[in-house]
Amino acid sequence: SASPRLDAELLLARALNAERPFLYAQPEGRVNPAQEKKFFALLSKRVSGYPMAYIMGEKEFWSMNLTVSPHTLIPRPETEVVVEQALLLIPLRTTMEILDLGTGTGAIALAIAKERPFCHVIATDISRDAIAIAQINADKLDISNIEFIVGDWLKPVTDYEFDLIVSNPPYVASDDPHLTELRHEPKWALDAGEDGLSAVRKIVFGARNVIKYGGHLILEHGAGQADDITNLYQANNWTN
């Protein structure tokens, strides 16, 4: 772990059913046998490489405390760049139709919906469990200008038209050694075939049918994929 002390304190607080500051407020406090047992169970999970976000059941993204589960990818700080780039294209009080593909926890879609309350955001995911988590997050954060739909990429929205489409799709090649480090996260949210571009291909091709004239498509991708993705965009008549 990059932060062993912090992890240990968070796990102990969880075993005590308390917040982390409690440990400092009552350093002389005693741990009962049941709490001790729970702490060591959590600790052994963490030592085996199980992600903190799954143990804690939450992860912060764009200053929102999101519920996460092993059915969803854990939101990464670098994905906030997708949100930043999207917001640059959405004037503050405008009403736009926005689509987030493969929403997972709902992180990107919720951040955009929160920052642009006059817009209508639709978010899709093939996983019913992921959509359930995303809906929990929307309810918890009281974000109502958003709609979650179960389905494969663009299939549920073929009758819609969007001003902006965003996605953090799977982009890791099947034989990438990094996949073993990410073994606890859902493989379908990471593995994108032989060259890591199978999901991107579907999106870049399919998004043309639901984008308004002058609309934008923003994708997160892996290191070293920029040229291939630029070529894919161009081959599918996207510009700039």
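User: In this predicted model, which helix holds the place of Asp139, and is Asp139 buried or exposed?
Analyst: Asp139 has its place in helix H7, residues 128–141. Its relative accessible area is 55%. Values over 50% count as exposed, so Asp139 is exposed.

User: How many Å apart in space are Asp139 and Arg46, C-alpha to C-alpha?
Analyst: The two residues are separated by 93 residues in sequence. From C-alpha to C-alpha, the distance between Asp139 and Arg46 in space is 29 Å.

User: How many helices and strands does the chain have, and what percentage of its residues is buried?
Analyst: The secondary structure of the chain comprises 10 helices and 7 strands. Along the principal axes, its C-alpha trace spans about 65 × 45 × 30 Å. Of the 240 residues in the chain, the buried share is 46%.

User: Among contacts between residues at least 6 apart in sequence, what percentage joins residues at least 24 apart?
Analyst: The count concerns contacts within the chain, taken between residues at least 6 apart in sequence. Those that join residues at least 24 apart make up 65%.

User: Which strands stand at the edges of the open sheet?
Analyst: The open sheet is formed by 5 strands in the order S5-S4-S3-S6-S7, with parallel pairing. Strand S5 (146–150) and strand S7 (211–219) each have a single partner strand, so one side of each lacks a neighbour in the sheet. On average, and with direction ignored, neighbouring strands of this sheet are turned by 20 degrees against each other. The edge strands are S5 and S7.

User: Which residue of S6 is the bridge partner of Leu101?
Analyst: Strand S3 (residues 97–101) and strand S6 (residues 162–167) run parallel and are joined by 4 bridges. In S6, the partner of Leu101 is Ser167.

User: Which strands does H9 touch where it packs on the sheet?
Analyst: The direction of H9 makes about 165 degrees with that of S7. In packing on the sheet, H9 touches S3, S6 and S7.

User: Are H9 and H10 roughly parallel or roughly antiparallel to each other?
Analyst: The axes of helix H9 (residues 198–206) and helix H10 (residues 226–235) come within 9 Å and cross at roughly 30 degrees. Angles under 35 degrees count as roughly parallel. The crossing of H9 past H10 is right-handed. H9 and H10 are therefore roughly parallel.

User: How many nonpolar, polar and charged residues does the contact of H9 with H10 have?
Analyst: From H9, Val200, Arg201 and Val204 meet Ile229, Leu232 and Tyr233 of H10. By class, this contact has 5 nonpolar, no polar and 1 charged residues.

User: How many of the 9 residues of H6 are buried?
Analyst: Helix H6 spans residues 107–115 and is mostly covered. Its buried residues are Ala107, Ile108, Ala109, Leu110, Ala111, Ile112 and Ala113.

User: Which residue takes a positive phi in the hairpin of S1 and S2?
Analyst: Strand S1 (residues 58–61) and strand S2 (residues 64–67) pair in the antiparallel sense over 4 bridges. In S2, Asn65 is the bridge partner of Glu60, and Met64 stands opposite Phe61. The hairpin has 2 residues between the strands, and the residue with a positive phi near 50 degrees is Trp62.

How values were computed. Residues numbered from 1 in each chain as written. Predicted model: local features only at pLDDT ≥ 70, side-chain atom pairs only at ≥ 80, totals over all residues. Heavy atoms only, no water. Axes fitted to C-alpha atoms, helices over the stretch in contact; angles between N-to-C directions. Parallel < 35°, antiparallel > 145°, perpendicular 65-115°, else oblique. Left-handed = near helix turned anticlockwise from the far one by under 90°. Contact = heavy atoms within 4.5 Å. Nonpolar A, V, L, I, M, F, W, Y, C, P; charged D, E, K, R; others polar. Buried < 20%, exposed > 50% of the residue type's maximum accessible area, 1.4 Å probe, protein only. Pairing = 2+ DSSP bridges.
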